[in-house]
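Dear colleague,

Here is the structure I promised to pass on to you, and my notes on what was found in it follow below. Please keep it open beside you as you read.

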Amino acid sequence: MSQRPRPTLVPYPGGEQLAPTEQLRQLVAFALQADLPVALWRLPNAAHAQLCLSFSWEEALTGLPPNLEASAPSGFAFFPFRDSDHNPALFLPANVFFDSGQPALFWVNKTGAADFRLSELRQFLQASPDTASLRWHQSPQPAPATASLEEYTALVRRGVAAIEQGEVQKVVSSRATRQLLPPSFDALQAFEDLQARYPQAFVSLVSAPGAGTWLGATPEVLAEVTPEGTFRTMALAGTQPLTPGLTAQKAIWRQKEIEEQALVARYIVSCFKQLRLREYDEIGPRTVVAGELLHLRTDFAVHLRQVPFPSLGTDMLRLLHPTSAVGGMPRQAALDFLQQYEGYDRAYYSGFLGPVNLPQAGVARLFVNLRCMQLRPTEAILYAGTGLTIDSDPEREWEETELKLQTAGAVLATFNN
Ligand SMILES: C=C(O[C@H]1C=CC=C(C(=O)O)[C@@H]1O)C(=O)O
């Protein structure tokens, strides 16, 4: 990978007359009509959305998890659950970066075809383009198989049997479901809606040739390197609905969820051990709210300036994905089980995504792609999974997927009204 080029700040043509959401729409419209990849996101608890646009799709095909060091290229990582020709691992180089909190300008990173594309982009923006209908990228893969209640509960029973037989300790089964898009559906409006609904989530909308278009609001950090030089990750597992009157403080957890989450925490500790790192902070497990759900979460932090592990973020990322919150334990046995029995292609669901060195060098924010949907021209494919343990009840696991599907799915209903 090439070194980080220095960004140039460019005034946004006619930006002062436009709302930032309209500017985002224009930049997306440019990317889509030029067949280029684009990513939009809003960080947890942040006020503004950001955008990364690449001037070349070929350059986005990396095949490798991103490098998180400050000297590495800046861009947006979009990684599948399983890297394959069907679902390529992407790293969208940040040829253009736009922060809707600073709408007068955008950044340009000059690599490859940048000069030519930049003048094309300027002309496009100056011409006040019609952005009413956008042709989002569509995955070349067929829509995945969807599991009925009977099929999913059979998968859960199989998972429990594999645990009983000692083949795996925990496995996270999942399913997809298809829902027709309301005629008035608008992906950018849905992206806005998710931001308003879930201020603490990482909200994203990614559209790339070969991968299709994905929208989601995830609560799970996979790997972060903060501006203060701290590496962070979390063990998030165990689910119960946030029913009226219930609060995080009052939640009571069953043995099943406690064990399920403890396995994820133990897996993270085993990754630190593999790297021979002993100095880490561990806080939790605590109950946290994620939309209409509660989870158990343990937070891990490493102060990078106090330990001799300069590439810890990159090394941990390679060890963590896919974590036992989306695959299982032991990792390979759980992944083999899923490959054999899950019966559909997860694609980018339970992969990871987020900005790296963007906008600030040395800062990376990567999240597990949960509570998400794939958008196709007339339908949305929604995805959800549940961690199984020896005590799993199949119908209850189905119910849990139904609840998780509603997190992102809630935005579809707003277009029906
Ligand atoms: C796999 C998902 O959630 C994971 C994260 C939190 C809680 C989980 C659980 O309780 O099973 C899952 O491990 C999903 O949302 O599809």
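Predicted model: local features only at pLDDT ≥ 70, side-chain atom pairs only at ≥ 80, totals over all residues.

The phi of Arg-276 is near 65°, a positive value in a residue other than glycine, whereas most residues other than glycine have a negative phi.

Turning to the overall layout, the chain is divided into domain 1 (7-126) and domain 2 (149-414), and the C-alpha centres of these two domains lie 25 Å apart. Their contact draws on 44 residues from domain 1 and 45 residues from domain 2. On the side of domain 1 that touches domain 2, the elements giving two or more residues are helix H1 (20-33) together with strands E2 (38-42), E4 (75-79), E5 (90-93) and E6 (96-99). Sorted by class, that side of domain 1 holds 32 nonpolar, 7 polar and 5 charged residues.

There is also a pair of helices to find, namely helix H3 (residues 149-164) and helix H8 (residues 394-414), whose axes come within 9 Å and cross at roughly 120°. With that angle, H3 is therefore oblique to H8, and the crossing of the two is right-handed. From H3, the contact is made by Leu-149, Tyr-152, Thr-153, Val-156 and Arg-157, while H8 brings Pro-394, Glu-395, Glu-397 and Trp-398. Taken by class, the residues of this contact of H3 with H8 comprise 5 nonpolar, 1 polar and 3 charged.

Finally, which residues are the closest to the ligand? The ligand is surrounded by 17 residues, and the closest of them are Thr-239, Ala-325, Leu-370, Gly-385 and Gly-387. Strand E8 (170-180), strand E12 (230-241) and strand E19 (379-388) each supply at least two residues of the shell around the ligand, and by class this shell has 7 nonpolar, 7 polar and 3 charged residues.

Notes. Residues numbered from 1 in each chain as written. Near = placed C-beta within 6 Å. Helix = DSSP H or I, 4+ residues; strand = E, 2+ residues; numbered from the N terminus. Nonpolar A, V, L, I, M, F, W, Y, C, P; charged D, E, K, R; others polar. Axes fitted to C-alpha atoms, helices over the stretch in contact; angles between N-to-C directions. Parallel < 35°, antiparallel > 145°, perpendicular 65-115°, else oblique. Left-handed = near helix turned anticlockwise from the far one by under 90°. Contact = placed C-beta atoms within 7 Å. Domains from an automatic or database assignment.
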